[in-house]
Amino acid sequence: MGRRILGRLGAALTCATGVLLAVATAASVSRATVNYQTPAVTLVRADGQRVSLPHELDDGRPVLLNFIFTTCSSTCPLTSRTLEEFQDKLGPEAARVHLMSISIDPEQDTPSRLAEYARKFHAGPGWQYYTGTLAASLAAQRAFDVYRGEKMSHTPVTLMRAPGKPWLRIEGFVTPDELVDDYRNLLTAP
Amino acid sequence: MPNESRGAAPAMALALSLLMGTCALGAAAPGPSAGESLYRRGQLPSGEPVQALRQGGATVRGADAACVSCHRRSGLGSTEGKITIPPVAGPYLFTPRGKSLERLGVPFVDTARINHEAYTDESLARAIRDGVDAKGRLLNSLMPRYAIDEATMSSLIEYLKDLKTAPAPGATSTVLHFATIITPDADPVKRRGVLAVMNQYFVDKNNAAARTKAPTLYSSHATMFRVERRWQLHVWELTGAPRTWETQLRAHLAAEPVFAVISGLGGSDWGPVERFCEEQGLPCLFPNVEAPVGDDATFYTVYFSRGVLLEAQLIARELAAAGDGGRVVQVFRAGDVGEAAARALEAARAGSGQQVVNHALKAHGPPQELARALREAGAADALVLWLRPADLGALEHLKVPTPRVWISGEMGGLERAPLPPDWRTQARMTYPVDLPGQRVVRVDYALSWFRMRKVPLLAEPVQADTYLALGLMSETLNHMADAFVRDYLIERIEMALDHRVLTGYYPRLSLAPGQRFASKGGYIVRFTDPQGSRVTPLGEWITP
C-alpha cells in the first residue's frame with residue numbers, strides 16, 4: 001500500500017516537473033484510506049425521488065462518490081468524463097458498482113438539470129446524481145471533507161468503498177485507467 | 001446633480017447617432033470566424049464538435065473542449081479550486097519575456113504567468129496541438145491537445161490576438177462611466193427611490209476617492225489609476241413605445257459611452273433592454289425588474305432574481321403537490337407583470353390536466369372590477385392574485401371565495417401588502433426573498449446608510465437591491481485592478497458573488513457561467529396576525 005502511494009507520488013512528481021510552477025498541484029494524485037461518518041440526510045435524486053444518503057451509499061454494491069455542479073466549466077467536465085470512461089471500461093460489470101455524484105450547487109442543480117447533465121455524460125444505470133437542500137448538500141460535503149467554502153473553490157476528490165470497508169480517498173485528476181485499477185484493488189483487498 | 005441632466009453637446013451627439021444608428025442597420029453582420037466558433041462553442045468549421053485529448057487519455061469534446069470553458073470569454077483566464085487558468089488574449093502570449101505588460105498598456109490579471117517565454121504563431125500552434133509551451137515543456141495536464149487543421153488553427157490564433165485587453169469605452173484614465181436605464185412604464189415612486197440611492201452612492205464614491213491618497217507602498221500604475229478614477233452616472237430615461245427603445249439605447253451609448261449599466265428600473269417589458277445589452281456586449285447588472293425576460297443563456301444581463309416568474313414556479317409546485325381537481329383562476333391587470341407571471345404559471349401547469357382560467361382586469365380600471373373576477377372562482381378552485389397593493393386593499397368588502405388563495409409578494413408589497421383581515425387568514429403569499437427576521441441585519445446595513453446620507457426611503461426592497469448592486473460593482477472592480485474589459489467584469493461578478501456576506505434581501509447569491517439569476521428560491525408565507533406585518537413561513541426555502 002505504502003509503496004504504491006510512493007510510486008504514484010513519484011510518477012506525479014516526474015510529471016509535475018515538466019509543467020509550469022503555478023499549476024503543478026493540479027497534476028498530482030494522492031490516495032489515502034479514511035473512515036467517514038455518513039450523515040443521515042435526505043437528498044433528491046435526479047429522478048425526483050427523495051432518498052436517504054446512508055441508504056444510497058449502502059445498497060450492497062461497492063460505491064464511488066464524487067461532488068460536482070452542472071455549471072462548473074473547467075474541472076467537472078473532466079471528472080465526469082473520467083467516470084463515463086470508467087463505466088465504459090468496466091463494460092457489463094459497470095452496473096455492479098454504484099456511482100454517485102452529489103451537487104455542491106443544489107439550488108441551481110434541479111433534478112431535471114442533473115438528469116440532462118447525466119445524459120450528456122452517457123451515465124449508465126449504475127450512475128446517479130443527487131441534489132437536495134443546501135443544508136443537506138453541505139452536510140454531505142462536510143462529512144466527506146470536500147467542503148471548500150464555496151463552489152468555485154472546489155477540488156477534485158473521488159471516494160471509493162467496498163461494502164464494510166473504509167473509504168479510499170483519491171485527490172486530484174485520476175485517469176479512467178487508474179480508477180479501474182483502484183476499483184479492482186479495492187475488491188481484492190483483504 | 002449634473003448626473004441627471006444632459007447638456008446640449010451630448011444631445012446633439014444623441015441625435016447624430018440616432019441618424020447613424022438607422023443607417024448602420026442595413027449592413028449585414030459577418031458570421032463568427034472558425035477561430036471564434038472553436039473558442040466559444042468547441043465547434044469545427046464543418047459544424048462537428050471538436051475532439052481533444054487530455055494527458056492520461058481522457059477525451060473531451062464539443063462545448064466541454066471549447067477554450068471558453070476554462071480561459072473564459074474574455075480570454076483573461078480564471079481560477080477554480082487550486083487551479084489557475086492563464087490568460088490567452090494575445091499580449092499575454094506573445095509579449096517577449098522581460099517586457100513590462102503594464103507599460104504596453106496590457107492590464108494586470110491575477111491569473112497571468114510571469115516570466116514565460118513568448119509564443120510565436122508556430123510555437124502556439126504546437127502548444128495547442130501537442131501540449132508543450134514555447135520552451136518545449138509540458139503544459140498542465142488539464143490543457144487538452146487539439147487535432148485541428150492549419151486554416152482553423154490560424155483563425156484561432158487570429159481570434160486570440162483580437163481578444164481585447166485595452167480599457168473598454170467608458171473607462172478612461174480618470175473616469176469610469178456607468179449608465180442606469182429607466183423605462184417609461186417604471187413606477188415613479190420606485191424611480192425616485194432608485195435614483196436617490198444611485199446619485200448618493202456616486203457622490204460618496206467620488207468623495208472617498210478624493211480623500212484617498214495613492215497608496216505609497218504600491219508603485220504599480222494600475223493601483224494608482226484605480227484609486228483615482230472618478231465614477232460618473234448617466235441616467236438613460238427611455239420614452240415612447242418599447243419597439244423604439246433599442247434605437248434610443250444605441251443612441252445613448254454612442255453619445256455617452258459607458259463601461260457598464262448598473263441597476264435601473266423596468267416596468268412590464270424589459271425585453272428591448274436585454275436585447276440591447278446582449279447585442280452591444282454591454283454588462284447590464286442587477287436591474288430592478290419584476291419579470292425578467294431572459295434565461296440562463298444570455299451573457300451580459302444578470303439579475304438578482306426571476307421575480308414574479310419565480311413566484312409562478314413556486315405556486316405551480318404547490319398546485320402539483322396538492323394534485324387535486326379544482327381549476328386555477330388567475331387575476332391580473334392587463335399590461336402589468338402579472339400577465340407574464342400568469343402565462344408562466346399556465347405553462348408550468350400545461351399537461352397536468354388542471355384547467356387554468358385567466359381573468360385580465362382593464363389596465364387602469366377601477367378596483368370594483370375585482371368583484372366580477374372573483375365570482376369566477378368556486379370553493380374547490382385555486383385563486384391566484386397577481387395584483388398590486390391598490391387592488392389588494394379593495395378586496396376588503398369581498399368574500400373570500402375559496403380557502404386556496406395565493407398572492408404575489410413581489411407585486412403586493414411583501415409583508416406590507418394591504419390585505420384585509422378576512423383574506424389574511426386564508427391567503428398564502430409567495431415570498432421570493434429572505435424572511436424579515438433573517439434578513440434584518442443585512443438590510444439594516446443599507447438602511448442605516450440611507451439614514452446617514454439622508455436618502456429618502458421610498459421603496460425599501462428596490463432601494464436595498466440598488467444599494468446592493470452598487471456595492472457589488474464597487475467590490476468587483478477592486479478585484480479587477482485596471483482590467484476594464486467588459487466580458488471580464490461579468491466573469492469576475494460570477495466569481496465574487498458566492499463570497500458576498502451582505503446579500504441584502506436575499507439569503508444568498510450565487511452565479512456561474514450559464515447562471516444569470518443570483519437568488520434561486522423563495523418561501524410561501526402566511527400573515528401571522530389579522531393586522532400588522534408579521535409573516536409565518538409555511539415550510540422551508542424552496543428552489544423550484
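Biologist: What percentage of the 544 residues of chain B count as buried?

Modeller: In this predicted model, 46% of the 544 residues of chain B count as buried.

Biologist: What makes the radius of gyration of chain B agree with that of a compact globule?

Modeller: A compact globule of 544 residues would come out near 24 Å, and chain B has 26 Å, so the two agree. The C-alpha trace of chain B spans about 80 × 55 × 50 Å along its principal axes. Among contacts in chain B with a separation of 6 or more, 64% are between residues 24 or more positions apart.

Biologist: How is chain B divided into domains?

Modeller: An automatic or database assignment gives the bounds: domain 1 covers 34-162, domain 2 covers 175-305 + 437-513, and domain 3 covers 308-431 + 524-537. The C-alpha centres of domain 1 and domain 3 of chain B lie 53 Å apart. The secondary structure of chain B amounts to 20 helices and 17 strands.

Biologist: Why is strand E13 of chain B called largely enclosed?

Modeller: Strand E13 (residues 382-386) has 5 of its 5 residues buried, so the rest of the structure largely encloses it. In a regular strand the side chains alternate between the two faces of the sheet. Here B:Ala382, B:Val384 and B:Trp386 are buried on one side, and B:Leu383 and B:Leu385 are buried on the other.

Biologist: Which strands pair with E13(B), and in what sense?

Modeller: Strand E11 (residues 328-333) of chain B pairs with E13(B) in the parallel sense over 5 bridges, with B:Gln330 opposite B:Val384. Strand E14 (residues 405-408) of chain B also runs parallel to E13(B), joined by 3 bridges; there B:Leu383 has B:Val405 as its bridge partner. Two bridges are enough for a pair, so both the 5 bridges to E11 and the 3 bridges to E14 pass.

Biologist: How do you know that the span of helix H7 of chain B agrees with its 13 residues?

Modeller: Helix H7 (residues 150-162) should span 18 Å at 1.5 Å a residue, and its end C-alpha atoms are 18 Å apart, so the values agree. In H7(B), the buried residues are B:Ser155, B:Leu156, B:Ile157, B:Tyr159 and B:Leu160. They pack against helix H2 (34-41), helix H5 (90-94) and helix H6 (121-130) of chain B.

Biologist: Why is B:Leu414 called buried, but A:His122 partly exposed?

Modeller: B:Leu414 has 21 C-beta neighbours inside 10 Å, so it counts as buried against the cut-off of 20. A:His122 has 13 such atoms within 10 Å, which makes it partly exposed, since exposed would require 12 or fewer.

Biologist: What is the phi of each of these two residues, and where do they sit?

Modeller: Most residues other than glycine have a negative phi. A:His122 has a positive phi of about 45 degrees and sits in the loop between helix H5 (111-120) and strand E6 (127-131) of chain A. B:Leu414 has a positive phi of about 50 degrees, in the loop between helix H16 (409-412) and helix H17 (421-424) of chain B.

Biologist: How many residues of chain A are in contact with chain B, and which element gives the largest share?

Modeller: 33 residues of chain A are in contact with 34 residues of chain B. On the chain A side, H4(A) gives the largest share, 5 residues. That side divides into 12 nonpolar, 13 polar and 8 charged residues.

How values were computed:
Residues numbered from 1 in each chain as written. Chains lettered and ligands numbered in written order. Predicted model: local features only at pLDDT ≥ 70, side-chain atom pairs only at ≥ 80, totals over all residues. Helix = DSSP H or I, 4+ residues; strand = E, 2+ residues; numbered from the N terminus. Expected span 1.5 Å × (residues − 1). Contact = placed C-beta atoms within 7 Å. Nonpolar A, V, L, I, M, F, W, Y, C, P; charged D, E, K, R; others polar. Rg over C-alpha atoms; globule rule 2.2 N^0.38 Å.
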